[in-house]
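Let's take a walk through a protein chain together. Keep the picture open while you read, and find each residue as it comes up.

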Amino acid sequence: GRAINTYTGDVATNGSVFDQGKHYGVPGLQVDGYDAADVAKGGKAVIDYVRSGKGPAILQVHTYRFNGHSPADPEHERGRKDEKAWA
């Protein structure tokens, strides 16, 4: 992934946000943001877990951002090849 000016791999050894809580006993789940059924199923599972009083959980919805974060972020570092892979 990429933040506004930082590539995730430059600042974190684990780019999987959903997995970063496991060392603290916080479960996580990653879902495909392009699959509405997967998002609904994963979202329900995380919501049910939290509402049951078991504690916090992390839901990472994996998708692709086709535009920059703001007009100041033209995303010129990303090429058409990346976009086509997600389209």
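## Starting at Asp-32

Leaving aside residues up to four places away in sequence, Asp-32 touches Asp-38, Val-39 and His-62. Touching here means contact, that is, heavy atoms within 4.5 Å. You'll find Asp-32 in strand 1. Helices (H or I, at least four residues) and strands (E, at least two) are DSSP runs, numbered from the N terminus.

Now look along the chain to Thr-63, which is 31 residues apart from Asp-32. The C-alpha atoms of Asp-32 and Thr-63 are separated by 6.7 Å.

## What kind of model this is

This is a predicted model, where local features need pLDDT of at least 70, side-chain atom pairs count only at pLDDT 80 or more, and totals for chains, interfaces and linings use all residues. Residues are numbered from 1 along each chain as its sequence is written, and side-chain values use heavy atoms, with hydrogens and water left out.

## The whole chain

Zoom out for a moment. The protein chain has 3 helices and 2 strands, and reading along the sequence gives the pattern α-β-α-β-α. Of its 87 residues, 14% count as buried. Its accessible surface comes to about 6500 Å², and carbon and sulfur atoms own 54% of that. Areas like this come from the Shrake-Rupley method with a 1.4 Å probe; for residues, only the protein chains shown count as cover.

How about contacts across the sequence? Take the contacts in the protein chain with a separation of 6 or more: residues 24 or more positions apart account for 49% of them.

Strand 1 (residues 28-32) pairs with strand 2 (residues 58-62) in the parallel sense, over 5 bridges. Two strands pair if DSSP finds at least two bridges between them. To get from strand 1 to strand 2, the chain passes through helix 2 (residues 36-51), and this β-α-β crossover is right-handed. In plain terms, with the strands pointing away from the viewer, the path from the first strand over the helix to the second runs clockwise.

Which residues stand opposite each other? Gly-28 faces Ile-58 in strand 2, and Gln-30 stands opposite Gln-60 in strand 2. In the loop between strand 1 and helix 2 sits Tyr-34. With a relative accessible area of 45%, Tyr-34 is partly exposed. The C-alpha atoms of Tyr-34 and Val-61 are 8.9 Å apart, while the two residues are 27 apart along the chain.

## Ile-58 and its neighbours

Ile-58 lies in strand 2, and its relative accessible area of 22% makes it partly exposed. What does Ile-58 touch, not counting residues up to four places away in sequence? The list is Val-17, Phe-18, Gly-21, Val-26, Pro-27, Gly-28, Leu-29 and Val-46. As for Ile-47, 11 residues apart from Ile-58 along the chain, the C-alpha atoms of the two are separated by 9.9 Å.

## A nonpolar patch

On the surface, Leu-29, Leu-59 and Val-61 form a nonpolar patch with about 190 Å² of accessible area together. Patches are made of residues with over 30% relative accessible area and no salt bridge; like charges are joined within 9 Å, and nonpolar side chains (Val, Leu, Ile, Met, Phe, Trp, Tyr) within 5 Å. Val-61 belongs to strand 2 and is partly exposed, because its relative accessibility is 38%. A handy rule: in a regular strand the side chains alternate between the two faces of the sheet.

## Salt bridges

How many salt bridges does the structure hold? There are 2. A salt bridge is a side-chain nitrogen of Lys or Arg within 4 Å of a carboxyl oxygen of Asp or Glu. One links the side chains of Asp-19 and Lys-22 (3.8 Å, N to O). Asp-19 is partly exposed at 24% relative accessible area, whereas Lys-22 is exposed at 52%.

Another joins the side chains of Asp-48 and Lys-44 (2.6 Å, N to O). Asp-48 and Lys-44 are 4 residues apart in helix 2, so about one helical turn separates them. Asp-48 is partly exposed, with a relative accessible area of 36%.

Definitions and conventions. Buried means under 20% relative accessible area, exposed over 50%, partly exposed in between (1.4 Å probe, protein chains only).
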